[in-house]
Amino acid sequence: MTMTRTVVDVVTELADLLSDALDPPGTASPGGEWARVFASPSPTGVDDRLILAVMVEVTRLLNLCTTTLATATEAAERAGIPARKRVKRATDLLRELGHPPAVAHRLARVGAAAASLPDLSRQARTGGVSLEHGDAVGRGVAFVSRRVPLDDQSRQDLARRLAVQVTPADVDTRARELALEWAPASDPTDPEVVPVAERPELNEMTLTTGPDGRTTATLDLDALSGEELHQALDPLCRPVPLPDGSRDPRTVGQRRAEAFGQIVRGYLTGRDRLTASGGVLPHVTLIVPTHTQTTRTEAAGPAPSLSAGASSVASLGFAGPVSPSTVGLVVCEAAMRRVVLDGE
């Protein structure tokens, strides 16, 4: 009896075909078709058509795959699969599959927004929308709808206006423009009407640690919170002449960043601030594996006791791996706790 092939069977077959096409040439085999071309592309243009076709169709396939994964993530959340797998959210399932946290959350956002944006979802099902672009449109619609009352038709119109932008950054910019254009005019004499600039419930902040370990922050604050931030930063970020009287070499951005760091360190040093644990007031959390030896040299190579996948590099709780110089800076005045792990 012939069994009907499922979609999973077709996808598995496609993955196997792509794997074969990318098999590098070697002494035992000629390699896959794509691998041969990619290894030695013709400089005369003979391979242009194939290479460009691969770029176009694989881009479409990639968009379709991320759309499918976003939809599956949302379905897993609704079905309660995370609880049965003993994790909190569907994003944890994605992280266990090797997806970075930022990508996992982006997939979850796109999946959650799909039902309310049917036109964008139809376009995504043809492979015409990348994950990043779809996420930007969803975030843009949410951004505008928090500031302007929108019915279903207006939401769809807004999504179409945002979807035609070229890049995710363009989508963000256009969303902010439309939020200002569509904001209802307020009556300044009505005490019940609060301008958008003075509504703290619209405040947002993002913190992102990049692959290089640096942290990027964005802020969107109401007028009062923004004024307080300016007041806190202003006396700390003024230019300071050098001892010889020459001008402060730091840029405005550098002075502002250093001032912000001073405010954070001052807060962390204070003993009156609240803590979630009710105990020690941590400035930072630094994790140092016990097999990190400060006396070892680079020439000594990795410690022989390290198991496969184990790391000898210290890391911060949020920012990730750091160099020995930062480790020394942190541990000079630190409370330490030893945690012993077995082979599992």
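Two strands count as paired here if DSSP finds at least two bridges between them, and helices (H or I, at least four residues) and strands (E, at least two) are DSSP runs numbered from the N terminus. This is a predicted model, so to speak: local features need pLDDT of at least 70, side-chain atom pairs count only at pLDDT 80 or more, and totals for chains, interfaces and linings use all residues. Residues are numbered from 1 along each chain as its sequence is written, and side-chain values use heavy atoms, with hydrogens and water left out.

**View 1. The E1–E2 hairpin.** Strand E1 (residues 204–209) runs antiparallel to strand E2 (residues 215–220), with 6 bridges between the pair. Leucine 207 has alanine 217 in E2 as its bridge partner. There are 5 residues between the two strands, and glycine 213 in that turn shows a positive phi of about 90°.

**View 2. A nonpolar patch on the surface.** Met205, Leu207, Leu219, Leu221, Phe260 and Val264 make up the patch, together giving about 540 Å² of accessible area. E1 and helix H12 (252–269) each give two or more residues to it, and phenylalanine 260 sits in H12. Patch residues have over 30% relative accessible area and no salt bridge, with nonpolar side chains (Val, Leu, Ile, Met, Phe, Trp, Tyr) joined within 5 Å; areas come from the Shrake-Rupley method with a 1.4 Å probe, counting only the protein chains shown as cover for residues. A salt bridge is a side-chain nitrogen of Lys or Arg within 4 Å of a carboxyl oxygen of Asp or Glu.

Methods:
Patches are made of residues with over 30% relative accessible area and no salt bridge: like charges are joined within 9 Å, nonpolar side chains (Val, Leu, Ile, Met, Phe, Trp, Tyr) within 5 Å.
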